Structure formats: C-alpha cells, structure tokens
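Subject: Structure handover

Hi,

Here is the structure for you to look over. My notes follow below it.

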Amino acid sequence: MTITPAQRAPDPIAAGTTIGHVHLRTADIDRIRDFYVGVLGFDVVFEARDVPGWGTTGDVLFLSAGGYHHHLGFNTWKSAGGPPQPDGVAGLHHVAILYPSRADLADAVRRLRRIDWPLRQLTDHGTHEAIYISDPDGNDVELYWDRPPEQWPRDAEGHLAFAGGDLDLEDLLAQ
C-alpha cells in the first residue's frame with residue numbers, strides 16, 4: 001500500500017469550510033422518515049408531498065439535528081419505488097454523521113440495537129471511532145465521533161497515521 005502524506009492545495013479553500021448537508025434520493029419517504037426520525041432521532045424541519053422538482057413531482061423531507069436548516073434531505077423525484085444503487089457503479093460511498101461525543105455515538109448504537117438494526121462494521125480509525133450501517137434504501141451511513149486532535153495518531157514526521165483496528169463495542173456502550 002502506498003500512502004501519500006497530506007498535501008496543501010496551491011490555492012486552498014478556507015480552513016473553516018464544512019459540509020453542511022447531504023441530499024439523497026429515496027424510494028419511500030415514509031420508510032426513510034421512520035428510520036432517521038423514529039430510530040436515530042433527527043428532527044423534521046420540512047416535509048411535503050407531490051412537490052415539483054427536476055422535471056417530475058415527488059415527496060421531500062428535510063431533517064436536522066439541533067435546529068440547523070437541514071443536515072439531511074431526501075426526495076423521491078427520480079427514485080420513488082426504485083431499488084438501491086448497485087455495487088460496481090460510481091457514486092456516493094457513504095454519508096458520515098458526526099456525533100458530538102462518544103456517549104452520543106453510544107446512544108445511536110443503543111437506538112439501533114433496540115430494533116435489531118444490523119451493524120455492518122465497527123472500526124477504530126485512530127482519529128475517530130465509527131459504526132457503519134446501511135439505511136432502509138441501502139445507502140451506507142457512517143456514525144462516528146472524532147477524538148480530540150491531540151489524541152490522533154501521527155507518524156514520525158507529524159502526519160496523520162490512520163489506524164484500522166476493531167472498535168470495542170462493549171467499551172463504547174459502557175459510556
């Protein structure tokens with residue numbers, strides 16, 4: 001495996017830039033609402049049926065954690081009743097949901113366990129701990145929390161040294 005150390009762009013983007021929201025296609029707004037609101041606990045910011053968009057009509061749902069205009073958007077404009085995106089095609093790999101603390105990540109896992117939702121992968125990346133799941137539409141979702149930067153693993157030159165170890169689920173749930 002070849003690892004290339006971090007490289008600064010010649011004309012870098014502002015350091016405080018973040019990803020504000022993700023908008024996904026869904027086959028069924030009600031099913032996705034039940035999961036993200038009923039299980040994970042997101043708030044509904046906006047929901048509408050038969051809304052025009054992209055040359056068709058469909059349902060839309062905007063969800064938030066803590067009052068932001070929306071972190072997750074879903075629509076059925078081109079996907080109502082459709083199958084999940086198959087493997088082997090280009091597209092979104094996963095959506096990552098950052099929890100503010102390890103205890104909050106543990107709470108998310110408890111919510112999933114209450115309904116026997118499958119946890120696909122449990123990984124300690126060194127910089128963060130992550131639980132990987134698939135949502136009802138087959139979208140891959142990473143639920144994670146970041147360790148404080150001073151705890152991130154670094155190599156001899158000070159570059160990030162990502163790890164790929166197993167996450168101790170019982171230790172996480174002891175939070």
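In which strand is the place of D50? D50 sits in strand 2, residues 43-53. Helices (H or I, at least four residues) and strands (E, at least two) are DSSP runs, numbered from the N terminus.

Two points on sources. This is a predicted model, in which local features need pLDDT of at least 70 and side-chain atom pairs count only at pLDDT 80 or more, while totals for chains, interfaces and linings use all residues. Residues are numbered from 1 along each chain as its sequence is written, and side-chain values use heavy atoms, with hydrogens and water left out.

D50 is not a glycine, yet its phi is positive, about 55°. D50 is exposed, because its relative accessible area is 60%. The cut-offs: buried is under 20% relative accessible area, exposed is over 50%, and partly exposed is in between (1.4 Å probe, protein chains only).

D59 belongs to strand 3, residues 56-64. D59 counts as buried, because its relative accessibility is 17%. Its side chain reaches the backbone nitrogen of D50 at 3.2 Å. That is a polar contact: a pair of N or O atoms within 3.5 Å; within protein, one must be able to donate a hydrogen and the other to accept it, and residues adjacent in sequence count only if both atoms are side-chain atoms. Setting aside residues up to four places away in sequence, D59 touches I29, A48, R49, D50, F74, N75 and T76. Contact here means heavy atoms within 4.5 Å.

Helix 2

Helix 2 covers residues 102-114. Its 13 residues should span 18 Å at 1.5 Å a residue, and the end C-alpha atoms are 19 Å apart, which agrees. The expected span is 1.5 Å times one less than the number of residues. R102, L105, A106, A108, V109 and L112 are buried in helix 2. Seen down the axis, these buried residues fall within an arc of 155°, so they line one face of the helix. The arc is taken from the directions from the helix axis to the C-beta atoms. Their cover includes helix 1 (29-39), strand 7 (128-134), strand 8 (140-146) and helix 3 (169-173).

R102 is buried at 14% relative accessible area. Its side chain makes a polar contact with the side chain of E129 at 2.6 Å.

After helix 2 comes D116, with a positive phi near 55°. D116 is not a glycine either. D116 lies in the loop between helix 2 and strand 6 (121-124), and is exposed at 68% relative accessibility.

Salt bridges

The count is 11 salt bridges. The rule: a side-chain nitrogen of Lys or Arg within 4 Å of a carboxyl oxygen of Asp or Glu.

- D107 pairs with R111, closest N and O atoms 2.9 Å apart. Both lie in helix 2, 4 residues apart, about one turn of the helix.
- D140 pairs with R120 at 3.4 Å between the closest N and O atoms. This pair links distant parts of the chain, 20 residues apart: D140 in strand 8, R120 in the loop between helix 2 and strand 6.
- E129 pairs with R147, closest N and O atoms 3.5 Å apart. E129 is in strand 7 and R147 in the loop between strand 8 and strand 9 (165-166), so the pair ties together parts 18 residues apart in sequence. E129 is buried at 3%, and R147 is buried at 16%.

Salt bridges that share partners also join D30, R33, E47, R49 and D59 into one network.

Best wishes
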